[in-house]
Amino acid sequence: MSVMNLVSYEDALASYDPVMGLEVHVELGTKTKMFCGCSTELGAEPNSQTCPTCLGLPGSLPVVNAVGVESAVKIGLALNCEIAEWCRFARKNYFYPDMPKNFQTSQYDEPIAFNGYLDVQLEDGSTFRVEIERAHMEEDTGKSSHVGGATGRIHGATHSLLDYNRAGIPLIEIVTKPIEGAGERAPEVAKAYVAELREVIRSLDVSEARMDKGQMRCDVNLSLRPNGTETFGTRSETKNVNSLRSVERAARFEIRRHATVLTDGGTIVQETRHFHEEDGSTTSGRIKDNAEDYRYFPEPDLVPVAPARAWVEELRAALPELPRVRRARLQAEWDLSDKDMQSVLNAGAVGPIQETIAAGAPADQARKWWMGELARRANETGTELSEQPITPAQVARVAALVAEGKLNDKLARQVIEAVLAGEGEPDAIVEKRGLAVVSDDSALGAAVDQAIAENEGIAAKIRDGKVQAVGALVGAVMKATRGQADAARVKDLILERLGAA
């Protein structure tokens, strides 16, 4: 079903009320896997970071990663969850080629954290509370690469390659309760929730939560019910959505698709769906029964986990400043109005601006560049601001070059464009391209004299005391020097030459 054939979003919401459930998998940043000592470092040769335990070979026994448990407790506390006094792992049985044991070690009815919430701020400054059902520990699967087809998916492929390096990497799965009452803002709520959750995870330093690297993935569950009714509709589950923008687009598409099917008298099939970045659509994956039987049973090779209450309270007391508190503090430090701070939040610029200030830039300059040139580029390319190929340290250096008088704003924009294009560090670009501001009087003198000679009428006005006319001559010099003249020094020289200083 193409985007073009769907009912409009407005028409869908006129008849139906969306209900969502979001399942987010976070890959923890531990050095070793969840149940063995294999390295979790990215980029190694396929199948080089495996052992009998993560390959599920007979006779191998798992051991729980203590840092993984600690990370799970921290996440649960930051999400206002209750922490279980006693919980255990379970075997979730299903066959996948990238699950070498033929079961996943996970948690079933006894998660380590449950019954929490996360307040998220929407684009108009309002707050929406998303309730958390559970956060539980599990392990990741291996990675399948389907070769020979046009789409990279199994359909049409000639063969598949398996890499088990990722099998066994610690995951925390965070599952929301049904999200009701969002109405037409449901896609926005979904995006804002995942964005806030990512910030919480990063603040805890338990994962980089890079969605583009698969370190954080979201499954978007969505159903529709006729307006004014309470019974949930049949849900679809769009799997492994890997960017904030895509989470919003997937929810929006599924609302329109469900409404189209229901309006035409059809029935929604409970199934998984694949999201397609190119047009924001989804396509069918596999049918999921309500009574899908994973044959859960307690993991016999692992003892239960019983976090001591004193230890949990120690972790609670040591939690870092959480994102909502940090934003309020930064707004005061940066002296921003609610409206300006909301613009910074909507652009995803809080982190980049803060890191640029830490690298030495004044707050107003850090905000200026991230909210101006770089935000424009992010919008044009449909990417996140934090994913731009420029570092806060590089932005801070550009700001410093402007402050030192070596660049003006126009030249600074050229330097930033060159950094984004991969041409190197700001100083090297300035030297290579010859972009430095010209402030030497001897170098500027000829351009000033030429501007005066070519604009005698304006020069006469300045001599007669109409100093405000000097802007036209400054503009002529800037044009002649390709924007590299020091505008303030040019103005002084013109006024000196015309006896109006």
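Is Arg-249 buried or exposed, and what is the relative accessible area of Arg-249? The legends below describe a predicted model, in which local features need pLDDT of at least 70, side-chain atom pairs count only at pLDDT 80 or more, and totals for chains, interfaces and linings use all residues. Residues are numbered from 1 along each chain as its sequence is written, and side-chain values use heavy atoms, with hydrogens and water left out.

**View 1. Arg-249 in helix 4.** Arg-249 is buried, at a relative accessible area of 19%, where buried means under 20% and exposed over 50%, with partly exposed in between (1.4 Å probe, protein chains only). The residue belongs to helix 4, residues 244–263; helices are DSSP runs of H or I with at least four residues, strands are E runs of at least two, and both are numbered from the N terminus. Beyond its neighbours within four places in sequence, Arg-249 is in contact with Phe-275, Glu-277, Glu-278, Asp-279 and Gly-280 (contact: heavy atoms within 4.5 Å).

**View 2. Helix 3 and helix 6.** The axes of helix 3 (residues 186–203) and helix 6 (residues 323–334) come within 9 Å and cross at roughly 90 degrees. Axes are lines fitted to C-alpha atoms over the stretch in contact, and angles run from 0 to 180 degrees between N-to-C directions. Glu-196, Glu-199, Val-200 and Ser-203 of helix 3 meet Pro-323, Arg-324, Arg-326 and Arg-327 of helix 6.

View 3. Pairing requires at least two DSSP bridges between two strands. Arg-91 has Phe-297 in strand 14 as its bridge partner.
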